Amino acid sequence: MDFGYILRSVTSLGINYGQVGDNLPSPDKVINLLRSLRINKTRIYDTNPQILSSFANSNIEIIVTIENQVLTLLQDPQQALQWVNSHIKPYIPATSITGIMVGNELFTDDDSSLIGYMMPAMINIHKALFQLGLDRYIQVSSPSSLAVLAESYPPSAGSFKPEVTSVMQQFLQFLQATRSPFWINAYPYFAYKDNPNTIPIDYVLFNRNVGMNDPSTGLHYDNMMYAQVDAVAFAAAKLGYRNIEVRVAETGWPSKGDAGEIGASPLNAATYIKNLMMRQLAGEGTPARRSSRLEVYIFALFNEDMKPGPISEKNYGIFQPDGSLAYDLGLSTMSTTTTATSKSVTYSSSATKAKSTLKYWTILILAMIEIVKSRLF
């Protein structure tokens, strides 16, 4: 069996390459890691010149990010043109830069001051790309947290908060005109951590469960992430934009957390990522968009020891900085068991019913682990 072919067929899967650590491997070793996993899409949270230079001729697509603190400068079209000239143009076409994220989570419940800078910056960056003949190759967007939603349950009730509706109208118009996707950061972990007694752990982990039916559409949801994605799609439709593609810029599960961070564990992290990857292998779309494969970027490649906040923030990585797996993705997780916070019942993943796919995945995981062990570091 050609393991490389199987993973290359998962063209909708990428992974976030964060750099907030003092012990992370060099970019060339990261390239080896991505190649070993046959993942050819990644995203960074800046425009690190060392990374962009190292990724030249690697055939790995990379999305870059304009840091939030830079957005005020980009209100000026000339500054935006200068930014593209210095941060993007020198690396094209050797480095396959396919997207520019203008900021990250510009609207949150704690801070709404940045959202006003989003559209002028996006428009100016896109104009600069057009001016330089790069707009055909590079999409411009901005990832949002689910804080932009006033309602998300059931998915058909999805709507944007009144305070962002005007900006979202402009944003969606821009995305439609430039044929760019609406990226969201979707973390079922947060919903479970805040409501462990009411949200079933299997529903958030993609395990087999009874799920829920949307009473308005009749659509059945067996996992929270798909419900979150569709809630954004329904919110966009309410503003008149029914055909905007929604993609997941970040999703993941921490393998370690503080005492109060319920659900953060190696078993749950392994279960979430394994089940998500199985669904990617199956080429699934969400219930509202069955025919469109959902594009997802896993957060994150590495545990990052310098990230601020709770212990969980430092422990979203699939890998430790030394290249070892942060948790077991082998046979021990092929039949997943619910944690002690839920009923003690063993489930098999319902990601796909095809026995051949499960067999492929079993062999695939083993091959991935052996490749990583033998070829890295």
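I first noted that a residue is called buried under 20% relative accessible area, exposed over 50%, and partly exposed in between, with a 1.4 Å probe and protein chains only. I am working with a predicted model, in which local features need pLDDT of at least 70 and side-chain atom pairs count only at pLDDT 80 or more, while totals for chains, interfaces and linings use all residues. Residues are numbered from 1 along each chain as its sequence is written, and side-chain values use heavy atoms, with hydrogens and water left out.

**Entry: the whole chain.** I looked up the secondary structure and found 11 helices and 15 strands, where helices (H or I, at least four residues) and strands (E, at least two) are DSSP runs numbered from the N terminus. Of the 377 residues in the protein chain, 54% count as buried.

**Entry: salt bridges.** I wrote down that side chains of opposite charge can pair when their charged atoms come close. The rule I used asks for a side-chain nitrogen of Lys or Arg within 4 Å of a carboxyl oxygen of Asp or Glu, and by it I have 8 salt bridges.

Which parts of the chain does the pair Glu250 and Arg43 tie together? The two side chains meet in a salt bridge, at 3.6 Å from N to O. Glu250 belongs to strand β12 (residues 246-251) and Arg43 to strand β2 (residues 41-43), so this pair joins parts that are 207 residues apart in sequence. Glu250 is buried, at a relative accessible area of 6%, and Arg43 is buried as well, at 1%.

I then turned to Asp194 and Lys193, whose closest N and O atoms are 3.3 Å apart in a salt bridge. Here Asp194 is exposed, at 53% relative accessibility, whereas Lys193 is partly exposed, with a relative accessible area of 23%.

Are Arg279 and Glu284 buried or exposed? Their side chains form a salt bridge at 3.1 Å, N to O; Arg279 is buried at 2% relative accessibility, and Glu284 is buried at 18%. I also found a network of salt bridges that links Lys41, Glu245, Arg247 and Glu295.

**Entry: helix α2.** I looked for buried residues in helix α2 (residues 27-37) and listed Pro27, Val30, Ile31, Leu33, Leu34, Ser36 and Leu37.
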